[in-house]
Amino acid sequence: RCPSDKNIPEYKEHNGSMNSDAQYHTSYIYLAHTITNEEEGLTYLDALHTARLNNHDLSVDLVTDGGVTFKRIDENQAMTNPLSAITLVLFDTPVFDGSNTPTFPHEPGGGNVIYLDGHVEFVRYPKFPYTDEFIQKLNTLINPK
């Protein structure tokens, strides 16, 4: 829980299920596989949707139907992944309140992003991972109707 996030209730342990309600009790999104840009992110979210439908084991690499492989993030990748400075690990959760424009936990509109090499950047909307298309697809995955 981010100390500046006043909208998150008491901490609740995530049970490992993609269907868990833990997203309502955390300030952050963790993507367990290597994502470096919006195109990869959108493909990854489609693959996560398929994985969710098929109860795929997310503790291993994720391979799309088209053969794209998303490597599972592990403790060794920060030193071995040449793209670690642009690989997302964790980022503040954007929120859709029913309108087409997301809200963010930090002003001016954006959030903190932690990268695989360990550095943190404040990323402003609408730069990845805070682009409309990525956030909307992420929101659909987290909150299926």
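**Exercise 1. Determine the handedness of the crossing of H1 and H3, then describe their contact.**

Step 1. The crossing of H1 and H3 is left-handed (the near helix is turned anticlockwise from the far one by less than a right angle; clockwise would be right-handed).

Step 2. This is a predicted model, where local features need pLDDT of at least 70, side-chain atom pairs count only at pLDDT 80 or more, and totals for chains, interfaces and linings use all residues. Residues are numbered from 1 along each chain as its sequence is written, and side-chain values use heavy atoms, with hydrogens and water left out.

Step 3. Locate the helices (DSSP runs of H or I, at least four residues, numbered from the N terminus). H1 covers residues 38–53 and H3 residues 132–142. Their axes come within 10 Å and cross at roughly 10 degrees (lines fitted to C-alpha atoms over the stretch in contact; angles run from 0 to 180 degrees between N-to-C directions). That makes H1 roughly parallel to H3 (angles under 35 degrees).

Step 4. List the contacts (heavy atoms within 4.5 Å). In H1, they include Leu42, Leu45 and His49. Facing them in H3 are residues including Phe134, Leu138 and Leu141.

**Exercise 2. Work out the strand order of the open sheet and its edges.**

Step 1. Four strands (DSSP runs of E, at least two residues) form the sheet in the order E1-E4-E5-E6, with antiparallel pairing (at least two DSSP bridges between strands).

Step 2. E1 (28–30) and E6 (120–124) each have a single partner strand, so one side of each lacks a neighbour in the sheet.

Step 3. Five bridges join E5 (residues 110–115) to E6. Glycine 111 has valine 123 in E6 as its bridge partner.

Key
Angles under 35 degrees count as roughly parallel, over 145 as roughly antiparallel, 65 to 115 as roughly perpendicular and the rest as oblique.
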